[in-house]
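Dear colleague,

I am handing over the structure we spoke about.

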Amino acid sequence: MGRKLAVTVALLLLILLMISTISFEMHKHESRKELERAHEELLNEHLELLSRYNRLKVAYEELKARFEELKANYSEAWFRANVYWKALMFLGNRSILLRLNVSAPYEKGFKFGVIEVEIPLWKYALYKVCDNPKRLGLDPYNDTVLYDVVAKVREWLIREGLFDEERFANALVSIAQLLPYNESVKGRPVETLVEGGVCTEKAFLAVALLRIAGYEACVLGINAPPGHDAIAIHLSKPPRFAIADDPWYVVFKGRRYYVVESVSRGWPITIGTPLWPSAFKEGLIDMGWPYHGEKPEKIHAPPYREE
């Protein structure tokens, strides 16, 4: 009896041992699988991080190259700015003395004269090299040099006993007309005073002078080939010195703007004198700067057009 009990107990212990061993092996196997999964996940994360690192490295190298390029450009720009500044300081108070031809009509023809105007070299240089002079505090169409021109023309007319509304306007226009015709430059009014220009530069100069003097004036765009820019100016009464029995004009915003040529061949052309008949006949004109290309309400250009 005792022996059987001992055998039974031994068998039970053996069974328990086997169960424990099997459970341990099963648990060990599960743990291994979990470790393998964890290892695989970590490996995937490592590969993803490595891929991201490589992309960031490429982006960093590109940014570094761009930075070096910008640094080089900045150095070059700073060098040029220093050179320009030294050049301007060297110019100091030096100026360009202009002798500008001016004319005004009177009963016997034209009175001619010369006015002297100084343009600071530093200002002329800045207009030449700067695309946006307003950033430097310069207004190309309201410059003090232009005010000086207007004042000198007024003084000349008063000295000659010719000052009135119409002759003052004609004299200001003549400043632009009598400048050299120069196709090699395209500049703002102060530059045009020095270098001359074509119809566009001359028209903008004349309109700037007229508006500073208090006239309502604009560039008159003529859109017949090859294209042309003239001037339109409002006067309180019809011009009496126009080379026409019936002066030409357009009506804009209810007001008469008398037309005048921006260029001449060494001889001034007075306000109201006919120009470009074909363009006026076809209505191929518009009101340019400082307006925005609007069409006039009426065109008076006898005998070609009368509205």
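The notes below cover the packing of some helices and the pairing of some strands.

This is a predicted model, in which local features need pLDDT of at least 70 and side-chain atom pairs count only at pLDDT 80 or more, while totals for chains, interfaces and linings use all residues. Residues are numbered from 1 along each chain as its sequence is written, and side-chain values use heavy atoms, with hydrogens and water left out.

The axes of helix α3 (residues 144–160) and helix α6 (residues 199–212) come within 9 Å and cross at roughly 70°, which makes α3 roughly perpendicular to α6 (a word used for angles of 65 to 115 degrees). In their contact (heavy atoms within 4.5 Å), Leu146, Tyr147, Val149 and Val150 of α3 meet Leu205, Ala208, Leu209 and Ile212 of α6, and these residues divide into eight nonpolar, no polar and no charged.

Helix α3 also packs with helix α4 (residues 165–177), the two axes coming within 10 Å and crossing at roughly 130°. The residues in contact include Val149, Val150 and Arg154 of α3 and Arg167 and Phe168 of α4; by class, there are eight nonpolar, no polar and two charged residues.

Turning to the strands, β5 (residues 249–252) and β8 (residues 298–301) pair in the antiparallel sense over three bridges (pairing requires that DSSP finds at least two bridges), and Tyr249 stands opposite His300 in β8. Strand β8 also pairs in the antiparallel sense with β9 (residues 305–306), over two bridges, and there the bridge partner of His300 is Glu306 in β9. A hairpin of three residues joins β8 to β9.

Best wishes

Terms used. Axes are lines fitted to C-alpha atoms, for helices over the stretch in contact, and angles run from 0 to 180 degrees between N-to-C directions. Helices (H or I, at least four residues) and strands (E, at least two) are DSSP runs, numbered from the N terminus. Angles under 35 degrees count as roughly parallel, over 145 as roughly antiparallel, 65 to 115 as roughly perpendicular and the rest as oblique. Ala, Val, Leu, Ile, Met, Phe, Trp, Tyr, Cys and Pro count as nonpolar, Asp, Glu, Lys and Arg as charged, and the others, Gly among them, as polar.
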